[in-house]
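Good morning, colleagues. Please look at the model on the screen while I speak.

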Amino acid sequence: MRTIKPVGLIALLVISIVFPLIIKSPAVTTVAFFTLIFAAAATAWNIFSGYTGYIALGHAAYFGIGSYAMAIMCKDWGLQGGYLPFLLLPLAGVAAGIFAVPMGWIALRTRKHTFVVVTIAMFFIMQLMAFNLRGVTNGSVGMTLPIPTNWSGVFFNIPFYYVALLILLIALLHSWWIRHSKYGLGLLAIRDDEERALGLGVNTGQFKLSAFVISAFYVGMIGALHAYYIESLYPAFAFDPLFDLVVALMTFLGGLGTLAGPILGAIILEPTQQYFTMRFSQNGYYLIIYGAMFLAIILFLPEGILPTLRRRLARTNSESSGLQTNIQKDEEAPAAEATIHSDEVKR
Amino acid sequence: MTLILDAIITGLLSGSIYALMASGLTLIFGVMDIINVGQGALVILGAYMSFFLQQQFHIDLFVGLLITMPAMFLLGLGLEVAFIRPIKRNRTTLSILITFAISLIIEGVLSLLFTTNLVQMHAWYVDTSLRIGKFYLAWVYLFDFGLSVVLLGGLYFILYRTKFGFGLRASMQNRTAAQLIGINVERVSAITFGIGVSLAAAGGMAYGATTTFNPNSLYDLISRLLVIIILGGMGSLRGALIAALGMLVIEDVTSVVWSPVWANTVFFMLLVVVLVLRPQGLFGQLEGRKQ
């Protein structure tokens with residue numbers, strides 16, 4: 001187990017790095033690019049929602065803010081298409097993070113159930129703003145971003161692919177670091193029992209807000225990258241309610257609160273979604289299939305793939321030797337165990 | 001001045017329509033602790049059902065409710081039994097995702113059946129208006145208001161004067177305790193979901209008669225409905241009624257004195273202010289610690 005893990009991780013990294021060099025077809029690299037940005041978005045979303053247990057369904061707002069920040073910066077500073085706009089991505093992320101501070105502060109005044117609804121409502125407020133603040137966002141006419149004209153059709157996806165991969169890796173490392181730090185422990189304590197965490201000296205307000213802002217930062221960056229990729233922005237697409245849902249669904253499918261879960265979910269769902277979009281051009285079929293897939297995942301795999309697998313694995317191991325698995329379980333899946341435990345208490 | 005008065009009256013009348021839809025939503029939350037994000041889609045589904053009955057069978061919009069409301073009640077029962085009841089852990093969160101998925105499916109089916117072109121309902125009370133002083137008001141607003149009063153009165157009667165209502169309110173206060181004193185909470189939940197969905201059907205007809213709509217209207221509706229129930233306090237019927245009326249009055253007055261573009265922004269700003277001052281909403285209770 002100990003040696004398989006790092007070797008597997010390095011193999012995955014190498015595969016993801018050489019992937020666009022081997023398979024050059026733009027159709028494939030496009031899907032790969034979307035998979036990467038959604039994996040990164042789900043990882044970022046998981047930093048807040050997975051660890052604290054507060055489900056935010058309004059992160060599309062930060063996605064949109066990031067993309068508009070990118071478009072406005074490119075326009076005001078007269079940037080040409082090329083590698084330069086990639087350097088603006090962190091700034092776009094910071095813009096989203098700045099918006100997230102007051103919005104998160106207000107939303108986090110409410111508790112878990114109301115919080116979900118407040119985030120949805122705030123998302124719609126931001127979408128409305130994008131329509132209404134014509135001076136800034138150009139309203140429903142939309143905005144365009146600089147186009148990298150000297151990149152050929154085959155090459156076009158490559159820079160985007162690597163930038164997306166880089167963001168994913170940074171977000172993943174950040175998530176890993178949080179998961180194994182005292183800060184992350186505080187976030188998990190909030191998920192399991194907020195009152196008790198507060199009583200034990202966790203500054204719950206600050207912990208929740210900072211995690212919220214961190215995840216908004218990454219989502220904003222991804223929004224900016226996406227905007228630069230598609231080169232045009234409209235309020236309805238920059239602030240897309242489906243994004244909220246898709247990111248949450250990916251994380252739930254892989255395993256909420258686990259490190260690899262969001263990425264696994266994205267790898268499974270995003271290519272499937274792209275396939276359906278291509279296969280059924282009519283929007284209706286696509287929505288129906290997507291909704292049905294969604295229902296099936298939640299009904300049959302409510303815990304997500306990774307926690308379910310881990311439990312299976314632990315069960316088969318415990319049949320051979322009881323003691324060893326207990327130790328292993330504690331190390332491998334404290335998150336999953338803690339969820340199960342806290343829910344049993346609630347019931 | 002007359003313009004503002006006009007705006008207030010229209011606001012109150014159309015607010016009663018939102019009260020109808022929002023009461024279903026907040027009732028479901030109160031009893032079952034789940035947030036039915038699909039309410040917007042169900043409202044639009046109700047509107048299309050009434051529209052379909054009128055187009056195909058020439059059934060009057062209001063008479064059609066006698067068919068659509070029971071049908072949607074059954075649909076609600078079915079949805080609860082098939083999708084909500086199986087969730088055992090993490091109910092609130094998963095229910096939001098599930099109802100969102102249901103909403104997507106409904107949107108997909110409706111856009112396949114009716115396309116995404118805007119639809120307008122027609123009837124004599126939609127197309128003719130009543131003249132009050134200097135302004136005109138379509139009859140349908142008055143009819144809708146009457147419908148809301150009747151249905152909300154009926155809801156009040158069920159909640160406060162029937163045995164089922166006692167069970168429902170008990171489950172609202174404390175699910176476990178209600179179960180312990182012999183209330184079949186699962187049955188109450190299913191029926192509550194049915195009632196909430198059939199109120200959505202009525203609200204949908206009333207909404208559809210006052211405006212044009214298409215399957216995408218559900219996003220606009222659900223954002224307003226969610227804001228209304230947060231503002232009123234989640235699970236508070238009285239709060240939902242007052243917030244619905246207040247919202248539409250504020251919106252209509254803003255669009256007269258300022259600009260229609262900013263009408264709902266003002267309302268959303270109000271939400272932010274209320275949440276800063278009273279996180280539990282106007283009439284909500286603070287969420288206690290749940291073990």
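Predicted model: local features only at pLDDT ≥ 70, side-chain atom pairs only at ≥ 80, totals over all residues.

Residues are numbered from 1 along each chain as its sequence is written, and chains are lettered from A and ligands numbered from 1 in the order in which they are written.

Chain B holds 12 helices and 2 strands; helices (H or I, at least four residues) and strands (E, at least two) are DSSP runs, numbered from the N terminus. Read from the N terminus, the order in chain B is α-α-α-α-α-β-β-α-α-α-α-α-α-α. Chain B has a radius of gyration of 19 Å, close to the 19 Å from the globule rule for 291 residues, so it is as compact as a globular protein of that length. The radius is taken over C-alpha atoms, and the rule is 2.2 Å times the number of residues to the power 0.38. The C-alpha trace of chain B spans about 60 × 50 × 35 Å along its principal axes.

Turning to the interface, 39 residues of chain A are in contact with 43 residues of chain B, contact meaning that C-beta atoms, placed from the backbone, lie within 7 Å. On the side of chain A that touches chain B, α5 (112-132), α12 (241-254), α14 (283-300) and α17 (334-346) of chain A each supply at least two residues. The largest share, 12 residues, comes from α14(A).

How values were computed. Contact = placed C-beta atoms within 7 Å.
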